[in-house]
Amino acid sequence: MNPSTMAISRGRLCLHLNHSVLKIFTVFMLILALTANRAAAQEPSQATGLSVGQALPDSLLNAALKLLGAGAGTAFKLANFKGKPFILDFWASWCGSCIKSLPHADSLLKANGQALGIVLVNASARDRDAGKLARFVDAFLKDHPGFSVPFVAQHELFARYFKISRLPCYVWVGGDGRIKAITGYGTLHEQNIRRFLAGGQLLMGKEGI
């Protein structure tokens, strides 16, 4: 075989090898993309958190939540609301507007408790001192006898699923377990509760996140 023929043969062999490697690489990248998409469909993105229209994952619904106040030490799960609409009321001990609205949330729950659930969620990084937060809740309950809305604090868990930038923030979850709305200050009122329970559109205020 003369040098020219050998060179052409080597060139064809290289092209064939390059083409094969490219095909293998393309298939590998497709598998990675499909795996990533499947994982994203199962769990919310760490960067964006849950949004309107998404369902709360089982890992959140069935998590054992730490109750504060009178119910401290007892188990509580969001799955207890199965089939019932509920509201996650995000608050913090340093948020004046949040504290001011807590008795109102209690009144709404007492008026609609058979059809509605409300949970007060503290996911603030500034309230990570468990002892200090527990004392704050105990003092609040002492000043508000008969308060019935449960307090929970699970910073890492809720921070994984919700990216809260302003407080108070209300996450409205339908009986089907899907988020119907995420709203801010001034939106937790009787008119919106009626609309929520009837499956209607909420009157929106400032966005909570």
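The model is predicted: local features need pLDDT of at least 70, side-chain atom pairs count only at pLDDT 80 or more, and totals for chains, interfaces and linings use all residues. Residues are numbered from 1 along each chain as its sequence is written, and side-chain values use heavy atoms, with hydrogens and water left out.

**The whole chain**

Begin with the chain in cartoon view, where the secondary structure comes to 6 helices and 7 strands. Helices (H or I, at least four residues) and strands (E, at least two) are DSSP runs, numbered from the N terminus. From that terminus, the elements run α-α-β-β-β-α-β-α-β-α-β-β-α. Of the 209 residues, 36% count as buried (under 20% relative accessible area, with exposed over 50% and partly exposed in between; 1.4 Å probe, protein chains only).

**Helix 3**

Next, select residues 96-112, which form helix 3.

Now show the buried residues of helix 3, among them Cys 98, Leu 102, Asp 106 and Leu 109. The buried residues of this helix pack against several elements, including strand 3 (86-91), strand 4 (117-122) and helix 4 (130-143).

**Asn 122**

Move to Asn 122, found in strand 4. Is Asn 122 buried or exposed? At 0% relative accessibility, Asn 122 counts as buried. Its side chain is joined to that of Asp 127 by a polar contact of 2.8 Å (a pair of N or O atoms within 3.5 Å; within protein, one must be able to donate a hydrogen and the other to accept it, and residues adjacent in sequence count only if both atoms are side-chain atoms).

**Aromatic rings**

Finally, display the rings of Phe, Tyr and Trp (its six-membered ring), which pair if their centres lie within 6.5 Å; planes under 30 degrees apart count as stacked, over 60 as edge-to-face and the rest as tilted. The count comes to 10 aromatic pairs. Phe 76 and Phe 81 have centres 5.9 Å apart and planes at 75°, so this pair is edge-to-face. Phe 81 and Phe 86 are stacked, at 4.9 Å centre to centre and 25° between the planes. Elsewhere, ring pairs link Trp 91, Phe 136, Phe 140, Phe 147 and Phe 151 into a cluster.

Methods: Expected span 1.5 Å × (residues − 1). Contact = heavy atoms within 4.5 Å.
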